[in-house]
Amino acid sequence: MFAVNSFVVLLLVYVANCEDTVLPSYITPCDFKSDKFTECVKEQIEIALPKFTKGIPELGVPSIDPVQLKNIEVLGNGLNLTFSEAAMHGLSHCKLTELKAEFSKAEGTFSLSFKGNLSLTAQYVADGRILILPIKGSGDALVEAQGVEVRIDSKLIHDKDSTGDHFKLATPKYKYTIERTTFDLKNLFNGNKQLADTTLQFANENWQQLMDELSPPAIKQIVRTVVKAINKFFSKVTIDQMIKGYGDE
Ligand SMILES: *[C@@H]1O[C@H](CO)[C@@H](O)[C@H](O)[C@H]1NC(C)=O
Ligand SMILES: *[C@@H]1O[C@H](CO)[C@@H](O)[C@H](O)[C@H]1NC(C)=O
């Protein structure tokens, strides 16, 4: 085991390397034997993350900004609220806040935290009450969540195929916090501005209650998508290609 913090970058370095034989100018390769290896890798990941989130078509890694979400439905408690055609934007602008990897032949661990502002665009249908105020309408929705921090803790296992050993994230768990959310729902009350403004203001003052219901299904889908993209990446590159000397450990 080495006290490292991650190899996604190494991977990107490798991929870029074998594509062009020249590294893209934004990536500097890290020396595994160096004392500064950990810092170097973290730095490289920070640089590479925005590119990774936009997808790597050559490897079949899809873009995860935006992430298309399945319908989000809150039904009951006096309020029916549905978001369809939902897309989450902003992952490529998120900052890495923590990264830890422990490698082991049997089973390592991988933790990743990122933070940023995420926005959801969707078509909404709302009918019922938010706490005390009625809400009714359908149309374009924009939900902006600020200071969203997501932490993913996963097992890091080995997965063998005909090309060799690969890393794989398994049984990921996650936690998240959100600092603030604003809702903009167009066409509430058939465009009655006075009613709409009152309800929206109230919704925004009580954003936490609404998000208690809305964010779990959304964050779950985001985490699933991120893990899937990382695993797609891992499945295309062997550990030996990513980390020199790993097999000797
Ligand atoms: C998130 O949005 C807030 C408020 O608009 C802004 O102050 C902050 O800089 C943004 N953060 C990021 C990481 O873009
Ligand atoms: C919410 O939907 C359920 C089931 O579709 C329905 O029975 C109920 O009346 C709806 N409530 C409101 C407030 O629209």
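The following exercises, each with a worked solution, go through a predicted model of a protein.

**Exercise 1. The overall fold**

*Solution.* Then turn to the contacts between residues at least 6 apart in sequence, of which 69% join residues at least 24 apart. Finally, consider the surface and the interior: the accessible surface comes to about 12900 Å², with 51% of it belonging to carbon and sulfur atoms, while buried residues make up 47% of the 249 residues.

**Exercise 2. A network of salt bridges**

Determine which residues are linked with Glu98 in a network of salt bridges, and decide whether glutamate 98 is buried, partly exposed or exposed.

*Solution.* The rule to apply is that a side-chain nitrogen of Lys or Arg must lie within 4 Å of a carboxyl oxygen of Asp or Glu, and by this rule the count comes to eight salt bridges. One of them joins the side chains of glutamate 98 and lysine 100, at 3.4 Å from N to O. Another is formed by aspartate 153 with arginine 151, whose closest N and O atoms are 2.9 Å apart. The network links Glu98, Lys100, Arg151 and Asp153.

For the second part, partly exposed residues are those between the limits of under 20% for buried and over 50% for exposed. Glutamate 98 has a relative accessible area of 25%, and is therefore partly exposed. Lysine 100, at 48%, also counts as partly exposed, as do aspartate 153 at 26% and arginine 151 at 24%.

**Exercise 3. A salt bridge between distant parts of the chain**

Work out where in the chain the two partners of the salt bridge between lysine 115 and glutamate 179 lie.

*Solution.* First confirm the pair: the side chains of lysine 115 and glutamate 179 meet at 2.8 Å, N to O. Then place each partner, lysine 115 being in strand β5 (residues 108-130) and glutamate 179 in the loop between β7 (164-177) and β8 (180-185), so that the pair, 64 residues apart, links distant parts of the chain.

**Exercise 4. The surroundings of ligand 2**

List the residues that surround ligand 2, and find how much of the ligand's accessible area the protein covers.

*Solution.* The surrounding residues are Gly78, Asn80, Asp127 and Gly128, and by type this shell divides into no nonpolar, three polar and one charged. Looking at individual atoms, an N or O atom in the side chain of asparagine 80 is 2.3 Å from an oxygen atom of ligand 2, while a polar side-chain atom of aspartate 127 lies 3.4 Å from an oxygen atom of the ligand. Ligand 2 has 360 Å² of accessible area on its own, and the protein covers 34% of this.

**Exercise 5. Backbone angles**

Describe the peptide bond from aspartate 65 to proline 66, and then the phi angles of glutamate 85 and leucine 131.

*Solution.* The peptide bond is cis, with omega near 5 degrees, and proline 66 lies in the loop between α2 (37-53) and β1 (67-69). Glutamate 85, in strand β3 (residues 79-89), has a positive phi near 50 degrees although it is not a glycine; with a relative accessible area of 63%, glutamate 85 is exposed. Leucine 131, also not a glycine, has a positive phi of about 55 degrees and lies in the loop between β5 and β6 (133-161).

Notes
Residues are numbered from 1 along each chain as its sequence is written. Chains are lettered from A and ligands numbered from 1 in the order in which they are written. This is a predicted model: local features need pLDDT of at least 70, side-chain atom pairs count only at pLDDT 80 or more; totals for chains, interfaces and linings use all residues. Side-chain values use heavy atoms; hydrogens and water are left out. Buried means under 20% relative accessible area, exposed over 50%, partly exposed in between (1.4 Å probe, protein chains only). Helices (H or I, at least four residues) and strands (E, at least two) are DSSP runs, numbered from the N terminus. A residue is near a molecule or strand if one of its heavy atoms lies within 4 Å of it. A polar contact is a pair of N or O atoms within 3.5 Å; within protein, one must be able to donate a hydrogen and the other to accept it, and residues adjacent in sequence count only if both atoms are side-chain atoms. Accessible areas come from the Shrake-Rupley method with a 1.4 Å probe; for residues, only the protein chains shown count as cover. Ala, Val, Leu, Ile, Met, Phe, Trp, Tyr, Cys and Pro count as nonpolar, Asp, Glu, Lys and Arg as charged, and the others, Gly among them, as polar. Contact means heavy atoms within 4.5 Å.
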